[in-house]
Amino acid sequence: MGGSGGVGASFDPDRIARLRGQLTNPGVAERGGNALKLLWQRAIAIILAFTAFLYGVEGVDSVTGHHLDAAGGVKPRQVDGLDGILFAPVLHANWPHLIGNTVPVLVLGLLTLLTGIGRGLAATAIIWVIAGTGTWLIGQSHSVHVGASVLVFGWLTYLISRGVFARNVVQIAIGLVVGLLYGSILWGVLPGQPGISWQGHLFGAVGGLVAGWVLSADERRHRRGANAGRLVS
């Protein structure tokens, strides 16, 4: 057997002090509740504003004969198609395309923002860039790729993977629920569906995994530090 064992995480003095502080100081718990309420309010406001923006862009695109799609979509391996990395996720081929993306955008976008506004926006930026870049690199020649579905796929894999990377039970549970509800759409990363940008879906999903790994770094470092400080008996 090894040396004498250390106390478990549940007996962490700092943790006990924090819990006592919450019990003896109701204001601490109240501030926590207010912070959670503010997080929900901000997350809802941001995702509703983003969705409204998508509808506004599609309205402009419709009255201009879909000029925005042609000008702002990802055009694989064309220099003038690089703009699509920035603009393609807010463009849609038509109204049914946008309407089909709306509920997943609202649900998965909201859940992503609820992991923390800054963290959710950072995850979205990572997904946005990786999805657009990957599509530009391997997309079918002479095609134009648009749509927020690349974000949907990225948000989905981010939510599923982040809890696993962070080893956070609550986030793992959220990821399982999200996977059960939306996991079937991951078939969209496979080629063979005419008119569907499987490349965008694939790299959106890859972007979500990257975001989940990168943005769980603090939790992973904390876990390694805790493990290093714990003696094995």
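Leu48 counts as partly exposed because its relative accessibility is 48%, where partly exposed lies between buried (under 20% relative accessible area) and exposed (over 50%), computed with a 1.4 Å probe and protein chains only. This leucine belongs to helix α2, residues 26–63; helices here are DSSP runs of H or I with at least four residues, numbered from the N terminus. The model is predicted: local features require pLDDT of at least 70 and side-chain atom pairs pLDDT 80 or more, while totals for chains, interfaces and linings use all residues. Residues are numbered from 1 along each chain as its sequence is written, and side-chain values use heavy atoms, without hydrogens and water.

Together with Leu36, Trp40 and Ile44, Leu48 forms a nonpolar surface patch with about 380 Å² of accessible area. Such a patch joins nonpolar side chains (Val, Leu, Ile, Met, Phe, Trp, Tyr) within 5 Å, taken from residues with over 30% relative accessible area and no salt bridge. Areas come from the Shrake-Rupley method with a 1.4 Å probe.

Helix α9 has 17 residues and reaches 24 Å from its first C-alpha to its last, close to the 24 Å expected at 1.5 Å a residue; the expected span is 1.5 Å times one less than the number of residues. Its buried residues include Gly204, Ala205 and Ala211, and the buried residues of α9 pack against α6 (117–138) and α7 (149–166). His201 also lies in α9, residues 198–214, and is buried because its relative accessibility is 9%. Contacts of His201 (heavy atoms within 4.5 Å), leaving out residues up to four places away in sequence, are Ser149, Val150, Phe153, Gly188, Val189 and Ile196.

The structure holds 2 aromatic pairs. Rings of Phe, Tyr and Trp (its six-membered ring) pair if their centres lie within 6.5 Å; planes under 30 degrees apart are stacked, over 60 edge-to-face and the rest tilted.

| Pair | Centre to centre | Angle between planes | Class |
|---|---|---|---|
| Tyr55 and Trp95 | 5.9 Å | 35° | tilted |
| Phe165 and Trp213 | 5.3 Å | 85° | edge-to-face |

Tyr55 in α2 and Trp95 in α5 (residues 95–113) are 40 residues apart. Phe165 lies in α7 and Trp213 in α9, so this pair ties together parts 48 residues apart in sequence.

The count comes to 1 salt bridge, defined as a side-chain nitrogen of Lys or Arg within 4 Å of a carboxyl oxygen of Asp or Glu. The bridge joins Asp80 and Lys75, with their closest N and O atoms 3.8 Å apart. Asp80 is partly exposed at 43% relative accessible area, whereas Lys75 is buried at 15%.

Note on methods: Patch = residues over 30% accessible without salt bridge, like charges linked within 9 Å, V, L, I, M, F, W, Y side chains within 5 Å. Helix = DSSP H or I, 4+ residues; strand = E, 2+ residues; numbered from the N terminus.
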